[in-house]
Amino acid sequence: MFAPRFVSVAAVVTLALAAHALGGCQPSGREEAAAPSNTKSATATSAAGTVRPGEGGAPEFSDVASEVGIDFVHNTGAFGQKWLPETMGSGCAWLDYDGDGDQDALLLSGRDFAGHATGGRQTPALYRNDDGRFTDVSAAAGVNVSLYAMGATVGDFDEDGDPDVYVTALGPNHLWRNDGGKFVNVAKQLGVDDPGFGSSATWVDYDGDADLDLVVLNYVKWSPETDIFCTLDGTNKAYCTPEAYNGDTPHLFRNDGGRFTDVTEAAGLYDPSGKGLGVIAFDYDGDHRPDIFVANDTQPNALYHNEGDGTFSEQAVLAGVAFDEAGRARGAMGVDVADYDGTGLPSLAIGNFSNEMIALYHNEGAGFFIDSAPTSALGRQSLLTLAFGTIFLDYDLDGLIDLFVTNGHVESEIAQVQSQVSYAQPMHLFRNVGGGRFEDVAPKSETLSQPIVGRGCAAADYDGDGDLDLLVVTSGGRAKLLRNDGADGARGLRVHVVGGDGSCRDAYGAEVAVTVNGTTRRGWVRAAQSYASQSEPTLTFGLGDATQVEAVEVRWPSGRVARKTGVSAGQMLTFRESEAAAL
């Protein structure tokens, strides 16, 4: 529902907030009939053998941000006027910006609005990783520029061997070209300085020409001059929901030899009603071409199928991912994909608004998905939380892919109208117990159960111990670095894929298949995922108790294939396209 640009108190509010913040998507009969989350009857088979639900115990994560030198505090710019951008928070990214082999941390922040100084942070921050300790190198690296930053995606767009960064913002966006560890904004020069309300973005070689193209989302059309008065109580201003504002289209910028051309309309991505917050590129139907999924807030999600001729066709309704099971558009935020049940197909997890539950769209093959969350503990346990960052990872390296979610409401006073919903909320860590079933083990963890106003999150093995750690941005609060202390890196295998001989250097879109004890798990090298964030490109596979991997196979977008057999656990393998065989 769109509202006029200028309205008084009574015109917008109650309807929009009733639909979104106060909304009543209640558990269906199927959800109520689902098996309880603490059932002990079923067993699950992992790559290592038999694992029983609950055997993993409490997840062991420690927030070590301050201890290792990350002192980042996010700034919303809030000054009492309840402007929409203040609710959204920002993302983060891992990247090896200096080429020393470890992952550095980029954290994004808002800034003060003109004429309203808060004393908070005004710039993003880049922390260099020095053997597990971090140093703020924002000034030296050139990223200490004042902007209301939202999201980031990392990719070597100019194929010079170092990672560049695209940063979305409350316009204009920035493209930071990496010139030997020093970043220079070339967005305007190269035609990608989108002036809208940027949210997420991702690099993808959609046309198969071995360079990185750019998909950029915009949220809604908002400015201080067009801000709308919304209220919860009929008197005091509250944050408007996105229904109050017109949407804005995503953009597709084709890389033409280091310069970019806006091909949004010609390629079929133009959607002026879109309210995109999460984006991911993945091949959902196995035709070896990257498709694009957009998580929209209060508008139907979009799934753009790559037709292979430079165009896309929108297939979300036919694929079953546009709406919830009742045919309603949800408030979608973060998104990720994984083969969480060993079918070989990428399924979708989407973080949604409170009272809507997380979506877990299982890939049934033939281009169709079914949301399994409403009949699962995952759906039940996420009903009241508002999910932003959403990441698949095997946190305990048992061979089954788990799901981590950051939560936090957008309205600080939500408890006044929904007593069961809070502003700050605990995180979710849904442990995969096999058979498509998950249990939330975050309540067992003192660290993960602490309420935060969670937004972006990204995963990386920052300390080199073989398991995945988590970087989390909180809206208006301190960033968290959740060190994974409970997994044994010897039970995993890490795979790094390098392109550059028929595919882009970052190898985005490459598929990795790991076979252990007769079971094959697949992962895909990708750019952005989660909410406005990007994890490290190296893939981490849990092996459980297995000490040997029967085979590791990599398939690049170019069609080249490499394979290794008889690999010992606990290693980091690097596969280079230049050394692979052509099909």
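**Figure 1. The largest cavity of the predicted model has a volume of about 420 Å³.** The coordinates shown in this and the following views come from a predicted model.

Figure 2. By residue class, the lining divides into 15 nonpolar, 7 polar and 6 charged residues.

**Figure 3. Asp248 and Lys221 form a salt bridge between two loops.** A search of the whole structure finds 22 salt bridges, and one of them joins the side chains of Asp248 and Lys221, with an N to O distance of 3.5 Å. Asp248 lies in the loop between strand 15 (237-238) and strand 16 (251-256), whereas Lys221 belongs to the loop between strand 13 (213-218) and strand 14 (230-231), so the pair ties together parts that are 27 residues apart in sequence. The two partners fall into separate accessibility classes: Asp248 is buried, with a relative accessible area of 13%, while Lys221, at 39%, is partly exposed.

**Figure 4. A salt bridge links Arg330 to Asp371.** The side chains of these residues meet at 3.0 Å, N to O. Because Arg330 sits in the loop between helix 7 (316-319) and strand 22, and Asp371 in strand 25 (residues 368-371), the contact ties together parts that are 41 residues apart in sequence. Arg330 has a relative accessible area of 8% and is therefore buried, the cut-off for this class being under 20%. Asp371, with 9% relative accessibility, likewise counts as buried.

**Figure 5. Glu439 and Arg431 belong to a network of salt bridges.** The side chains of Glu439 and Arg431 meet in a salt bridge of 4.0 Å, N to O. Both residues are buried. Salt bridges with shared partners join Glu439 and Arg431 with Asp396 and Asp398 into one network.

How values were computed: Residues numbered from 1 in each chain as written. Predicted model: local features only at pLDDT ≥ 70, side-chain atom pairs only at ≥ 80, totals over all residues. Heavy atoms only, no water. 1 Å grid on protein atoms, 1.4 Å probe; cavity = no way out; pocket = protein on both sides within 12 Å on 5 of 7 lines; lining within 4 Å. Points joined across faces, edges and corners; volume = space filled by probe spheres on them. Nonpolar A, V, L, I, M, F, W, Y, C, P; charged D, E, K, R; others polar. Helix = DSSP H or I, 4+ residues; strand = E, 2+ residues; numbered from the N terminus. Buried < 20%, exposed > 50% of the residue type's maximum accessible area, 1.4 Å probe, protein only.
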